[in-house]
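Student: Could you show me how to read a few features of a protein model, giving me the general idea each time and then the case at hand?

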Amino acid sequence: MDVLRLSFDGLEESEKEIFLHIACFFNPSMEKYVKNVLNCCGFHADIGLRVLIDKSLISIDESFSSLKEESISMHGLLEELGRKIVQENSSKEPRKWSRLWLETQVDNVMLEKMERRVEAILLKKKTLNKDDEKKVMIVEHLSKMRHLRLLIIWSHVNTSGSLNCLSNELRYVEWSEYPFKYLPSSFQPNQLVELILKSSSIEQLWEDKKYLRNLRNLDLSHSKNLIKMPHFGEFPNLERLDLEGCIKLVQIDPSIGLLTKLVYLNLKDCKHIISLLSNIFGLSCLDDLNIYVLQSKEFECKCITFPINDILPHVALPFLISHSHNTQKFVPFLA
């Protein structure tokens, strides 16, 4: 273990941070996913990962999944070293409790009054046995972690309590089944790059106005209680918007036309949208559009996915596509 520690100590600071992220959270994980999270957190993932590969601290392998994507993995002894560094108690080691990956660790941090040191959390359920069912994360603890930059909570993690605030230093948030109607009103995440709240209980993101100039990806897919989206001018640099399965959403605000950098828009299974302005088709960067056609007695409802630039030259706007008895037709979609 001492030899491995020497290898770690020889890394640059940013490389050490990437090493610890992989050891605590991402061993093993899809390379594309890890790179994206690391980049969102301000690391130069391509450079850092290459250094770790060259020093034989991680490896890139073809994934065992059906997707056949490459995955990042780390030897068990190196993972043990990384986690030990994060948990060890030393006056010379400022990384104590910088990363948390178990619900019990969240409680320990609060007992030791070390919440100010926490920078990253990833909680997931590896098993679903009786002991796991008893473990609960008290979400009020998150309100006291003012320097949190990365928050990932995957499904099947039990939570309790209310969420009054979140760190304004957050850069990446992924919380499956987020259990609240809104994000905290005091949450001003000016550095946030990605916000992923799949299958959440959210009704609308927030009640007041925000300005998230760094937000690039917003995913609220399958949030079945979502009824309203904020003014899109609040995140002018958004590139990806996923609202698939938001069945209570009835309108897309015309301010969507302000999203001049939007390349991906998914409205699949948004069955009750009753108006969609032609502003959508004025988005010059939009490459992929996935829509659910307006329901009517005349036309069969069907979801259509297509590269938008292939269809726009042939459509008098505002029109969408519908299918009726295997015949493709263009039908007006009223604004």
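Tutor: Let us begin with a term: a disulfide is counted when a pair of cysteine sulfur atoms lies within 2.5 Å. Please keep in mind that this is a predicted model, in which local features need pLDDT of at least 70 and side-chain atom pairs count only at pLDDT 80 or more, while totals for chains, interfaces and linings use all residues. Residues are numbered from 1 along each chain as its sequence is written, and side-chain values use heavy atoms, with hydrogens and water left out.

Student: How many disulfides does a search of the whole structure find?

Tutor: In general, a disulfide is a covalent bond between the sulfur atoms of two cysteines. Here the search of the whole structure finds zero disulfides. For Cys-270, the closest cysteine sulfur is in Cys-246, and at 5.3 Å it is too far for a bond. For Cys-41, the closest cysteine sulfur belongs to Cys-40, and the 6.7 Å between them is again too far for a bond.

Student: Is Cys-270 buried or exposed?

Tutor: We call a residue buried under 20% relative accessible area, exposed over 50%, and partly exposed in between, using a 1.4 Å probe and protein chains only. Cys-270, at 2% relative accessibility, counts as buried, and Cys-41 is also buried, at 2%.

Student: Which residues are buried in helix 3?

Tutor: Helices are DSSP runs of H or I with at least four residues, strands are runs of E with at least two, and both are numbered from the N terminus. In helix 3, which covers residues 31-40, the buried residues are Glu-31, Val-34, Val-37, Leu-38 and Cys-40. After this helix comes Gly-42, whose phi is positive, near 95°.

Student: At what angle do helix 3 and helix 4 pack?

Tutor: Two packed helices are described by the angle between their axes and the distance between the axes. The axes are lines fitted to C-alpha atoms, for helices over the stretch in contact, and the angles run from 0 to 180 degrees between N-to-C directions. Helix 3 packs against helix 4 (residues 45-54) at an angle of about 120°, with the axes 9 Å apart. That makes helix 3 oblique to helix 4, given that angles under 35 degrees count as roughly parallel, over 145 as roughly antiparallel, 65 to 115 as roughly perpendicular and the rest as oblique.

Student: Which residues of helix 3 meet helix 4?

Tutor: Taking contact to mean heavy atoms within 4.5 Å, we find that Lys-35, Leu-38 and Asn-39 in helix 3 meet Ala-45, Asp-46 and Leu-49 in helix 4.

Student: What salt bridge do the side chains of Lys-35 and Glu-31 form?

Tutor: Side chains of opposite charge can pair when their charged atoms come close. A salt bridge is counted when a side-chain nitrogen of Lys or Arg is within 4 Å of a carboxyl oxygen of Asp or Glu, and by this rule there are nine salt bridges. In the pair of Lys-35 and Glu-31, the N to O distance is 3.4 Å; both residues lie in helix 3, four residues apart, about one turn of the helix. Lys-35 is partly exposed, at 24%, whereas Glu-31 is buried, at 15%.

Student: Where do the partners Lys-198 and Asp-219 lie?

Tutor: Lys-198 forms a salt bridge with Asp-219, with the closest N and O atoms 4.0 Å apart. Lys-198 lies in the loop between strand 10 (194-196) and strand 11 (217-219), and Asp-219 lies in strand 11, so the pair ties together parts that are 21 residues apart in sequence. Finally, Arg-5, Asp-9 and Glu-88 are linked in a network of salt bridges.
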